[in-house]
Amino acid sequence: MKLAYDVIIIGAGIIGGMTAYRLSRYDLRVLVVDQADDIGEGSTKANSGVLYPGFHPRGGSLKGISCVRGNAMYDEICRELEVTMQRTGCLYVAFSPDGEALMEEKYHKGRKNGVPGMEILSGSEARKLEPMLSGAVTRALYAPGGGIISPFQLLLALTQTACQNGVDFRFGTKVTEIHTTKETVVVGTNRGQFTASHIINAAGEDAAVLESLVRPQELQITPRRGQFLIFDKSMAGCIRHVLYQAQDNQEGGTLLAPTVDGNLIAGPTSENVPSYRHTETTQEGLAHIARVVKKLTPDLEMRKVITSFAGIRTNISNLDKEHKDFMIRESAPRVLSVLGIKSPGMTSAPYLAELIVQRLAQSGLVLADKAHYRTAPPVRPFLQEREEVRQALYRADPRNAAVICRCEGITEGDILRVLAAPLPPRSLNGLKKRLRIGMGRCQGGFCTGRVIAVLSRELRCDPSEVMKSLPGSNLVKGRVK
């Protein structure tokens with residue numbers, strides 16, 4: 001049987017996308033499949049956008065080491081892909097002697113994981129760095145290497161670059177079977193069979209289910225929900241660092257951080273839920289976040305919250321906290337599974353992808369550099385371009401200056417250029433991930449109708465066929481006359 005691909009990656013989230021980006025440098029036939037209709041529709045789309053320094057995970061664990069090393073790799077990745085990243089630094093603060101003891105534990109974990117530049121500060125020293133920090137903070141652990149990034153911008157740049165360098169992507173493709181033979185792996189899907197010499201199972205919430213197709217399962221991986229609050233851009237600059245706290249009263253790992261887009265983000269909660277479809281927010285969860293935010297920064301204006309959302313991450317539930325770790329293992333010959341990836345999965349992704357590629361090479365995959373390799377330039381919104389670029393774009397097509405989304409400054413031309421780029425969106429949420437359209441103060445109140453009109457025209461479908469996200473999420477019910 002002639003192989004269709006050298007490598008098939010199951011999952012187009014941050015791990016699958018980062019691995020595809022790494023493999024696209026080599027002269028290989030690579031396919032990425034995902035059951036969703038777009039990139040990053042699992043845990044990745046509900047990421048806080050924080051690059052963790054690495055003092056949270058157990059010292060010496062794969063989670064801890066990959067966090068520190070992955071964090072350090074982002075400077076080069078972001079330069080190459082023109083992705084915005086800021087090294088804001090992180091403050092892990094304590095309010096009591098018990099909290100200070102937890103802070104010391106974090107410090108020693110960070111030392112073991114190799115976190116650079118950590119310092120333990122007094123409360124007053126911490127407030128000099130972050131003036132809005134509560135006067136009740138007694139001490140703080142400072143890590144200058146922590147930072148922020150847009151998970152959407154990052155994943156889009158990774159996957160578009162992979163696509164531009166020959167990686168194939170197939171969406172709406174659900175894997176139902178995996179069979180290994182002496183030299184190949186056969187992947188059965190709802191859209192036919194594919195064969196490859198190597199399979200990477202990076203399916204996130206479904207990774208354990210897919211692994212069970214080729215080996216008995218001993219891990220129990222269950223869904224855990226995290227809820228978030230988003231603050232208006234008028235709050236930009238009032239918080240400069242990523243803020244965590246030594247947890248009191250089961251407060252969980254809720255943080256407060258700036259974003260690269262100018263908002264503030266607060267969250268997540270940590271709640272066991274029955275299924276991966278439970279992405280609703282709750283009054284109790286959002287109140288919990290508000291309590292932690294006011295504890296960290298009592299003067300922060302909660303009335304500036306503009307929206308809330310929730311996402312689901314995977315959790316290994318049959319191991320205690322200190323024995324949970326990220327897992328990369330050969331589930332069957334030439335089938336590599338990536339399991340239990342949750343926070344800080346995005347931070348760890350570059351190093352984990354490097355490990356995956358190394359494992360493939362050890363299994364016999366030949367890694368020959370491509371003769372020609374190029375990155376995919378990002379689509380920059382018209383209003384963010386230099387004056388001479390805007391003039392050229394306007395002369396080429398006046399629609400480049402026709403504002404559709406007032407809050408985020410997005411034009412009709414921006415939408416058209418995104419639709420013409422590699423891996424174009426096919427839904428309103430797809431446009432949100434690429435342009436932040438509808439993510440501003442009015443949350444789509446002004447622009448949604450205009451966006452539907454543009455999408456229906458460009459996708460050549462009736463407005464009632466335009467989806468918010470998944471099939472069945474029609475935004476328009478029908479015509480009134």
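The model is predicted. Strand β7 covers residues 139-143, and strand β20 covers residues 335-339.

**Partners of β7**
- Strand β5, residues 90-94, runs antiparallel to β7 and is joined to it by 5 bridges.
- Within that pairing, valine 93 has alanine 140 of β7 as its bridge partner.
- Strand β6, residues 119-122, is also antiparallel to β7, with 4 bridges between them.

**Strand β20 and its side chains**
- Strand β20 is mostly covered, with 5 of its 5 residues buried.
- Val335, Ser337 and Leu339 point one way from the strand, while Leu336 and Val338 point the other way.
- Residues on both sides of β20 are buried.

**Partners of β20**
- Strand β12, residues 192-201, pairs with β20 in the parallel sense over 3 bridges.
- Opposite leucine 336 of β20 stands isoleucine 200.
- Strand β19, residues 327-332, pairs with β20 in the antiparallel sense over 5 bridges.
- Opposite leucine 339 of β20 stands methionine 327.

**The hairpin of β19 and β20**
- Strands β19 and β20 form a hairpin with 2 residues between the strands.
- In this hairpin, arginine 334 takes a positive phi near 70°.

Note on methods
Residues numbered from 1 in each chain as written. Predicted model: local features only at pLDDT ≥ 70, side-chain atom pairs only at ≥ 80, totals over all residues. Heavy atoms only, no water. Buried < 20%, exposed > 50% of the residue type's maximum accessible area, 1.4 Å probe, protein only. Pairing = 2+ DSSP bridges.
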